[in-house]
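Please keep the sequence and the 3D view open while you go through this note.

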Amino acid sequence: MDLTKATSLDLISLDQDLATKADVFQFLTHKLFVAGKIKSEADFLDAIYQREAESVTGFENGLAIPHGKSATVSEASFTVVRTKTPVTDYESLNPDNQVRLIFLLAIPADDQGAEHLDMLAQLSTRLADTDYRNRLMKADSAQAMLDLLGENQAETVTQSASVEGQGKLILAITACAAGIAHTYMAAAALKKIATKKGLRIQVEEQGAKGIEDRISMQQVNEASAIIYAHDVALKETDRFKGLPVVDVPVAEPLKHADQVMQKALDKSADYIPGSMTQANTGEDEPDHKSIGTEIKDSVLTGISYIIPIIIAGGMIGAIAVMMTQLFGLQTLAAHDGSWLFLLKALGSNMLGTLMVPVLSAYMAYSIADKPALGPGFAGGLAATMINSGFLGGMLAGLLAGYLIKWMKNHIKSEGVFSGFITFWVYPVIGSLIVGVLMLFVVGKPVALINTGLVNLLNGMAGTSAILLGAILGLMVSFDLGGPVNKAAYAFCLGAMANGNFVPYCIFASVKMVSAFSVSAACYLRKDLFSKEEREIGNQTWILGLAGITEGAIPFAMADPIRVIGSFIGGSIVTGGIVAFFQIGLNVPGAGIFSMFLLQNGVGSVVNALIWLGAALLGALISTGLLIVTRKQKLAK
């Protein structure tokens, strides 16, 4: 397959002097922007860092494959850089990996570009080959590397060859968040170790193109075990009921393929292929998620599916409001049935009607797969009907997920009644039970709690509002995109779902504090910071404009207590100021442009000055604290 269709000479750079990961991402993103592959550098950098927060993209043998999936990508493509010296702060699966060869993949948010996705999948698979990777590392010019990428390589025979033979048949499914690099590299690693051990293997990739190399029922009946290597919910796992299961993160086969395969062999020791009767016993429990982990993954899955709805609904509503104000169309906007009225209603309904059912449905899907979607939507709709909001939606998703999970374990979809159970009992009975529970039992108390929280938020003023802002400010900067930050984000989305836009406005303003303060401290007192830290500081202010906190993580890692403490000091002040003036924002992800979309508060211009001024004041405080604490550290 000709990989040159997804890149070009302009996108290949050799022996560049790039010392940090931030330098690499900035350099490669600019290359993609100049080549017309992306529309916004800031949005694409945001997508890259969001992916980096999920798991590392450095591998071994000097290789890293970062990637970003975003609506700003015009055309699926990749760009390459080989650095003069290793990028020392690039985290890898192999801690000793010295990253020098970086392939940055740009993936569109939609499902278009299947041909390009084929190429990107092929790239990931080829890079798993040591010889091919070494030849790329030694290429003496951009043209030589382009020629290597365009080599007319025959389709790999690993898959077909490894399914045949006499050894045990092991099945596997791989899936990562972006659906590209880790998905295919984990598959290649499992095939390689299976061949080494004399085993047969069939790997199904659930990637950006959907399900590829689908496992057949004949293979299920012949298989001795199945390996789930994934970071996202897998599709159609009901096919493998009864098979011994090994469940690991998608990166695990890249680090410990031998151990993963051995675990599958150990679990299949007493299993008779085709019997499909020996369900996993207690010894398999460590491979299953704990209740806490399952609930956390369910909430994160649900939120990931509603983010596009929130952004689209918020932007459509904001556009309608701006058109009304700019062109004096208040009468038209108030007229029921007019195009402007309908446009504003579309945005409002995406947030008010569609968001909560989608949250519930995909939380349920994360727990019990596709049979839980119908009951999840029903529960979310019921939550909306009784005004239980975001909290009710989350409860409905958990109820639907665990109900259908219980039904699948106790009402087996087998034999003559398989179709009836799958397409009638699960969705109809499940939706009825969840709907009744939400409408008449557990939903009402949650609706009361939700109403109380909404009233509390709406009634906050003065000291109480400042306290809320300070707490949110602390959480946002506490771990810069980690679990505490994500908890604050979930709270802000919940408040937004209930019509209170102040918490998210606080969140958006505070996100700039850490990035701005790092840049300012490094600029004002170069003598206190190392060359690497100053290089990070040169970049973070740009990420701050895009609302990306993760850019400050490398800076904080060397001295977390002093640095994070400094960030929190300024963030508390920023959060308190925005909360005190009750400024709202209902459009997530707009970065610095949020200042043009603010609501309520004092007035449009003054709101923007307060919102940005609060971020700058917080950054100034954090800058001072960074300088003072660094002086104390050096004095010791």
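1. A contact here means heavy atoms within 4.5 Å. Take contacts in the protein chain between residues at least 6 apart in sequence: 72% of them join residues at least 24 apart. Bear in mind that this is a predicted model.

2. Next, the overall make-up. The protein chain has 23 helices and twelve strands. Of its 636 residues, 53% are buried. Its accessible surface comes to about 27100 Å², and carbon and sulfur atoms account for 62% of that.

3. Now the record. An unreviewed UniProt entry lists several stretches as "transmembrane region", among them 339–365 and 563–585. In the model, residues 339–365 are 100% helix and 0% strand, with end C-alpha atoms 36 Å apart. Residues 563–585 are 78% helix and 9% strand, and there the end C-alpha atoms lie 29 Å apart.

4. Which residues touch the most other members of the largest nonpolar core? They are Tyr 504 and Trp 611, in a core of 49 residues. Several helices each supply at least two residues of this core, including H10 (291–327), H12 (339–368), H22 (560–580) and H23 (604–635). The largest share comes from H19, with nine residues.

5. Look closely at Tyr 504. Leaving out residues up to four places away in sequence, Tyr 504 touches Tyr 489, Cys 492, Met 496, Lys 511, Leu 585, Val 587, Pro 588 and Gly 589.

6. There is also a second, separate core. This one has 29 residues, including Ile 12, Leu 14, Met 145 and Ala 181.

Technical notes: Residues numbered from 1 in each chain as written. Predicted model: local features only at pLDDT ≥ 70, side-chain atom pairs only at ≥ 80, totals over all residues. Heavy atoms only, no water. UniProt positions renumbered as here; feature names shortened; annotations may be inferred. Helix = DSSP H or I, 4+ residues; strand = E, 2+ residues; numbered from the N terminus. Buried < 20%, exposed > 50% of the residue type's maximum accessible area, 1.4 Å probe, protein only. Areas by Shrake-Rupley, 256 points an atom, 1.4 Å probe, with all protein chains shown as cover. Core = buried A, V, L, I, M, F, W, Y, C linked by side-chain atoms within 4.5 Å.
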